[in-house]
Amino acid sequence: MKDAFGLPQSLLVLGGTSEIALATARRLVVRRVRTVWLAGRPSPALESAATELRALGADVHTVAFDALDPESHEAVLGKVFTEGDVDMVLLAFGILGDQAHDEREPVAAVRVAQTNYTGAVSAGLVSGRALQAQGHGSLVVLSSVAGERARRTDFIYGSSKAGLDTFAQGLGDALHGTGVHVMVVRPGFVRSRMTAGLEEAPLATTPEAVATAIELGLRRRSETVWVPGVLRLVMSVLRHVPRGVFRRLAL
């Protein structure tokens, strides 16, 4: 069960090698979390992440999970929930893709959509139902500011995040009053392996800053978290810029 401050004692990470997810897990282990399940494709990176969290004092288990295999999600995630209550599920998997390449190769573009959206719909529904069955818990979904409005430079990735964001908001409404808290996290440009080599956008942030915002959001039982917070104001303006003007902006 969560503590008096709304922080979890057990955590399931979907996307166990995500830098944001691991920064969040480290922060929560230091605070309160004692049991962690890291779900992802088996790899040395997944095992290394588990070893790091064990060194902080957590009981860590790795789970073979593939976002692109939704038929397996119910069995794989259901097994985790049979091992004990899960106070928080962090849905953190996703890929950026290569916009220029993916425009020319539709199959690659579809893989971005299937990973970021279709896989998340499946995992989100399975996790939400399991949290509802146990009567408590938080589902934290890593969305992106890229989903707020289509940009020429990343509309394939952005559209997948737009779908994820809308899905997560709707799931939160569907689970309202059941004891399950759904929180959507919208970071801006995050300095990480995924964005290495890309030109840094204004208001760039770090995995650690996102982790801090997630903790604060859990304490406040927020439904939406922007990182950094000023992006909420920035996007409220950009959302209403005329399309002809918006497409000429250097974003």
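A residue is called buried when its relative accessible area is under 20%, exposed when it is over 50%, and partly exposed in between, with a 1.4 Å probe and protein chains only. At 46% relative accessibility, R221 therefore counts as partly exposed. R221 also has a phi near 55°, which is a positive value in a residue other than glycine. Its place is in the loop between α7 (207-220) and β7.

This is a predicted model, in which local features need pLDDT of at least 70 and side-chain atom pairs count only at pLDDT 80 or more, while totals for chains, interfaces and linings use all residues. Residues are numbered from 1 along each chain as its sequence is written, and side-chain values use heavy atoms, with hydrogens and water left out.

The chain has nine helices and seven strands. These are DSSP runs numbered from the N terminus: helices are H or I with at least four residues, and strands are E with at least two. The peptide bond from V227 to P228 is cis, with omega near -5°.

What radius of gyration would a compact globule of 251 residues have? The value would be near 18 Å, and the chain has 17 Å, which agrees. The radius is taken over C-alpha atoms, and the globule rule is 2.2 Å times the number of residues to the power 0.38. Along its principal axes, the C-alpha trace spans about 55 × 35 × 35 Å.

Of the 251 residues, 51% count as buried. Contact means heavy atoms within 4.5 Å. Among contacts between residues at least 6 apart in sequence, 72% join residues at least 24 apart.

Next comes the interior. A nonpolar core is a set of buried Ala, Val, Leu, Ile, Met, Phe, Trp, Tyr and Cys residues joined through side-chain atoms within 4.5 Å. The largest such core has 32 residues, and L38, V185 and I214 have the most contacts inside it. Helix α1 (residues 19-31) gives the largest share of this core, six residues. Leaving aside neighbours within four places in sequence, I214 is in contact with T24, M88, V140, L142, M183 and V185. A second, separate core has 31 residues, including F81, A120, A130 and V184.
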